[in-house]
Amino acid sequence: MRGSVFLSPDSKRLAEDVAFRVLAAGNQPDFRTMSDFRKLHLKTLEELFQQVLRLVLEMGALKLGRVALDGSKVKANASKHKAMSYGRMEETEKRLQKEVQELLKQAEAADEEEDKRYGRECQGEELPEELQRRETRIARIQEAKKALKERAREKAESEGKDRKEAQPEPKAQYNFTDPESRIMKGPDGFVQGYNTQVAVEPVFQLIVGQTVTHAANDKQQLVPLIEAIQEQSGQRPEEVLTDNGYCSEENLKYLAKRRMEGFVATEKQKHGERNEPCKRGPLPEDASRVERMERKLKTKVGAAVYARRKCMVEPVFGQIKQARGFRQFLMRGLEKVRGEWALICMTHNLLKFHKICYE
């Protein structure tokens, strides 16, 4: 699988096409070569996305006005079955500790059996295989519990609560294959993965900003994604379109403070459902920003502008996931995944650039 995603048809030609073989001097890089290249140049790939994006924007003389934001869950290189909750860790650790004590008692009472099992030449310092296996599992569980406790402390600190009093919830999950990934709810059920974020402009469907996070909720991603747009494209958007996943008083306040026109859905709308017409009369003076946004999207202009969101950003995820077959990260760890996602987004923009130039 690792080779199928990143080895292009040109890579296959290195083995099949005489001209390509001559140009490559007979070299035929396999998936390991491509994988090692990515690992060595992750930071460079993130910077390359930025360079390609700015080049495309300059060549197309494109100035960012309206952008649409969206997120999509992408499976990590880890199974959700390799995750364990904090509550289950507590139970498993106690059970393994009891098993270790029982094995030690058996070992102390069976010296002769040990001589037969491990040989008289052994000094008795080697741990039996059963003990080694359990001791290793206990150590990994203790490491996972420590990580979950640190997450709980960081969460409490961000919420203004006492860091020292914070404890993980019994259902808090830790994945032993990729600890930085999280169990998230996607369109096809729960997946062990990451939350990828993109901002797309409406003219050529270029990705003008991208990030990756292990937070499942999009509400905390609007500010980082807009900051990513400004950093990566070198431009500041004028209008921002998002679904209800990004809606909060804080986010709407952020947009207003930076004088960005927001069109943010306040609730999830069912397929085919139409908004009720805007009621006449002014809103109460104490109306919240969310209430004002709800009224705004019910006006003819607001509804017409927001209706463009789906055809701007959602096809981009369809092109990446369905047309190009990218449905799972191949690397592990948030930093490596960010580099991999930058490569995917850069490739998307290059394909769009090719279409702009030659079609």
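Helices and strands are DSSP runs numbered from the N terminus, a helix having at least four residues and a strand at least two. The exercises below apply to a predicted model.

**Exercise 1. Locate Glu 285 and decide whether this residue is buried or exposed.**

Step 1. Glu 285 belongs to the loop that runs between strand E8 (261-264) and helix H11 (289-298).

Step 2. The relative accessibility of Glu 285 is 80%. Exposed means over 50%, so Glu 285 counts as exposed.

Step 3. Glu 285 takes part in a negative surface patch, together with Glu 249, Glu 250, Asp 286 and Glu 291.

**Exercise 2. Identify the residues of the positive surface patch and the elements that give two or more residues to the patch.**

Step 1. The residues that gather in this patch are Arg 236, Lys 253, Lys 257, Arg 258, Arg 259, Arg 289 and Arg 292.

Step 2. Helix H10 (249-257) and helix H11 are the elements that each supply two or more of these residues.

Step 3. One of the patch residues, Arg 259, is placed in the loop between H10 and E8. Its relative accessible area is 75%, and Arg 259 is therefore exposed.

**Exercise 3. State how far apart Arg 137 and Leu 96 are in sequence and in space.**

Step 1. Arg 137 lies in helix H8, residues 129-158, and is partly exposed at a relative accessible area of 39%.

Step 2. Along the sequence, Arg 137 and Leu 96 are separated by 41 residues. In space, the C-alpha to C-alpha distance between Arg 137 and Leu 96 is 8.2 Å.

**Exercise 4. Give the number of salt bridges in the whole structure, and examine the pairs that link distant parts of the chain.**

Step 1. In one of them, the side chains of Glu 239 and Arg 66 meet at 2.7 Å, N to O. This pair links distant parts of the chain: Glu 239 is in strand E7 (residues 239-242) and Arg 66 is in strand E1 (residues 66-75), 173 residues apart. Glu 239 is partly exposed at 22% relative accessibility, and Arg 66 is partly exposed at 27%.

Step 2. Another salt bridge joins the side chains of Glu 261 and Lys 296 at 2.5 Å, N to O. This pair also links distant parts of the chain, with Glu 261 in strand E8 and Lys 296 in helix H11, 35 residues apart. Glu 261 counts as partly exposed at 38% relative accessibility, as does Lys 296 at 22%.

**Exercise 5. Determine which residues are linked with Arg 309 in a network of salt bridges.**

Step 1. The side chains of Arg 309 and Glu 314 form a salt bridge of 2.9 Å, N to O.

Step 2. Arg 309 is buried, with a relative accessible area of 5%, whereas Glu 314 is partly exposed at 34% relative accessibility.

Step 3. The network of salt bridges links Asp 70, Arg 309 and Glu 314.

Terms used:
Residues numbered from 1 in each chain as written. Predicted model: local features only at pLDDT ≥ 70, side-chain atom pairs only at ≥ 80, totals over all residues. Heavy atoms only, no water. Patch = residues over 30% accessible without salt bridge, like charges linked within 9 Å, V, L, I, M, F, W, Y side chains within 5 Å. Areas by Shrake-Rupley, 256 points an atom, 1.4 Å probe, with all protein chains shown as cover. Salt bridge = Lys/Arg side-chain N within 4 Å of Asp/Glu carboxyl O. Lys, Arg positive; Asp, Glu negative; His and termini not counted. Charge placed at Lys NZ, Arg CZ, Asp CG, Glu CD. Buried < 20%, exposed > 50% of the residue type's maximum accessible area, 1.4 Å probe, protein only.
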